[in-house]
Every structure is written in structure tokens, then in C-alpha cells.
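Q: Could you take a look at this one with me? I have a few questions about how its parts pack.
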Amino acid sequence: MPDQALELTAGYYFAISPRLLFPHSRGSFGVYLRLKERYLLWAHPDEPFSDENLQKLKANGVDEVYVLAAHREQFEAYLEGNLGQVLLDDSRPMAARAKVFYDASLGMLREAFQNRLPGGLSAQQHQKLLQLATTGVQFLLRESSLKSVAALISHHYQTYSHCVNVFVYTTVMLGRLGLPEETVVQTGLGALLHDIGKTRVSRKILDKPVKLSESERQKVQAHPVLGAGLCAGVPLGQPALNGILFHHEWLDGSGYPAGLEGAEIPLPVRALAVADVYDALVSKRAYAEARTPFDALSVMRQELESHLDPEVYKHLVLVLSGAELL
Ligand SMILES: [Fe+2]
């Protein structure tokens, strides 16, 4: 039960679904309930979430609980430690796992929309993007796709959160480029799944802090083809499959797996590739520190024409500078 009242403004908290609190687990963040403008502590940091208390939340129709914004990292670490296992737990009904996946993905997408686009979004743009994201995530709720994505979340959570960020940049750019909504949705799905083949690459290689050996590099470079194979049973449209298969193709033909050149690489895939490189540069990786958006864009500028599409790049710069977004 709540035992402490805090009167802080809403900006201090972010909302999560109580379905993302898993019985018998614990996180190093407090969980709050909101009563009008007051936030009441419901669970202390490191206090286990009991089945009984979670059931009470459900019985009372609570569909949002709150975490201090300052504890976002701790919440992320909790999800990283628990989400994959919960999604792969066959003793839980598939429908319940689908809801958990839906809530987790939408939460991650919301966070990316709010914090990764410095210019912010108008309410209308936000609504539109969320609708696209919801369509994409709903598609992934099919059992065949959910199992693949759950395997990725369990195998390498950072790769899934990278996919979510790439979805955000890609859909915003494609919206600006005026592509049909169906193409945007399908390419967005491709973005969410683009690195799914990494479930077949060992964590040791994915997290290696130094340069990969030749054989390790080959294993990593197999991920687009492996990913397309893993999605064979998923009824994806062509733009989604193109994204999975061709996101490492470069304009000068030096990419993989097919060595496509220039306009042979479809425009939506060129946008996905720009988003992919940008998010990799601004994220902390095993072998590199996170760069600032400005540094990342400077690095990418040197790869224009040879690797990345300059027109698409221009749209990313405009998106990030907070110019009109959609
Ligand atoms: Fe990739």
C-alpha cells in the first residue's frame, strides 16, 4: 500500500504499464501510483513485486504506474534483465506475453519519440507516429513474429532497443519524403526487425570490445540473410523484407550481402541505413563510446555519396534540428 506522499510535478515521472512489473522480480527503482497530482510510493526500490500486490493493482483497474525520471536507467536495466525471459516463458499464456511485449515496445517507442528527437513533435505528429508504431507492433503480436522478436530481446536487449530507435528515425524521415503510408508501415516493420538475424550471432561476438577477427566479422555479416530466413514464416511485405536483407548495402556497392549499388537500393532501405548508422553512432557500444548528435552527423557527412544517400541524410539533419517533421 502507498506509504509516502510526494508532491512533485509530473515531469519528474514517466508512466509504465503495471504489466511490465513481473511477479517475484525486483528493480532498483521505486514505483508510484498517481492520485490526482500526487504520487504515492507503491513499491520501494529493491522491494520484490509480489503476486498479491500486482493482482490488487489489476483488480483496482490501475493501468499506469510511475517511475522517477531519474531512475529511467534502472528501469531499463530491469527490463533488460527480465523481459526476454518473460516473453519466452512457455508457462505463460501467449496472449499475456503478447500484451507484455506490446506494452514494452510502445513504452520504448514513446521514450524514443520524446527523447531522441531534439526538436520535439507537435501533438498531431506525435499521434501520427504513435499510430504507425502501434500498427507495426500489433503486426508483431502474431505468434510467429513474436517468438522471433522475443528471442532477440532475450539474446541481446540492446539490439532490440536499437531497432526501436531506428524505427523512429526511419518513419519520421519516410514521412517527410512523402512515401505512401503502407510503405512507411512496412519499412517501419523492417526497421523493427532489421537486426533479428543477430539472434544467430553469439553475444560474445556482439559484445566484443575490440576489433573482430575475419571469421567473426563474417559471422556478423551473415545477419541480414539469417534475419530474412528467420522471417520466412512471417507475412511481411516487400519493403520490410528489403529492410532486413539490404540495410548494410552501400551506395558504392561495397556493402553486403548483395553489393547493390546506388538506385538498386530502394529509397526506404537507404533511409533505414541512414537511421541505422546514426543510432549506432549516438549509442554506447561495446567497442565505442556514444557520440553527440553533432559528432555523429559529422562522421556520417564523410560517408555521403560513397555509403549513404545525401538526400536522405539531409532529411535526418532537418529532423534532428527540429524543423518541420512530417
Ligand atoms: Fe544490421
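Q: Which residues are buried in helix 11?
A: In this predicted model, the buried residues of helix 11 are Pro 239, Ala 240, Asn 242, Gly 243, Ile 244, Leu 245 and Phe 246, where buried means that 20 or more other C-beta atoms, placed from the backbone, lie within 10 Å of the residue's own. Helices here are DSSP runs of H or I with at least four residues, numbered from the N terminus. Residues are numbered from 1 along each chain as its sequence is written, while local features need pLDDT of at least 70, side-chain atom pairs count only at pLDDT 80 or more, and totals for chains, interfaces and linings use all residues.

Q: And what covers them?
A: The cover includes helix 7 (181-193), helix 10 (223-230) and helix 12 (267-282); because seven of the nine residues of helix 11 (238-246) are buried, this helix is largely enclosed by the rest of the structure.

Q: Switching topic, which residues touch the most other members of the largest nonpolar core?
A: Among its 76 residues they are Val 164, Phe 167, Met 173, Val 274, Ala 275 and Leu 316, a nonpolar core being a set of buried Ala, Val, Leu, Ile, Met, Phe, Trp, Tyr and Cys residues joined through C-beta atoms within 7 Å. Helix 6 (residues 157-176) gives the largest share, ten residues.

Q: Where does this core lie relative to the domains?
A: It lies between domain 1 (1-81) and domain 2 (88-320), because both give residues to it; the bounds come from an automatic or database domain assignment.

Q: How far apart are the domain centres?
A: Taken over C-alpha atoms, the centres are separated by 30 Å.

Conventions:
Buried ≥ 20, exposed ≤ 12 C-beta atoms within 10 Å, placed from the backbone. Helix = DSSP H or I, 4+ residues; strand = E, 2+ residues; numbered from the N terminus. Contact = placed C-beta atoms within 7 Å.
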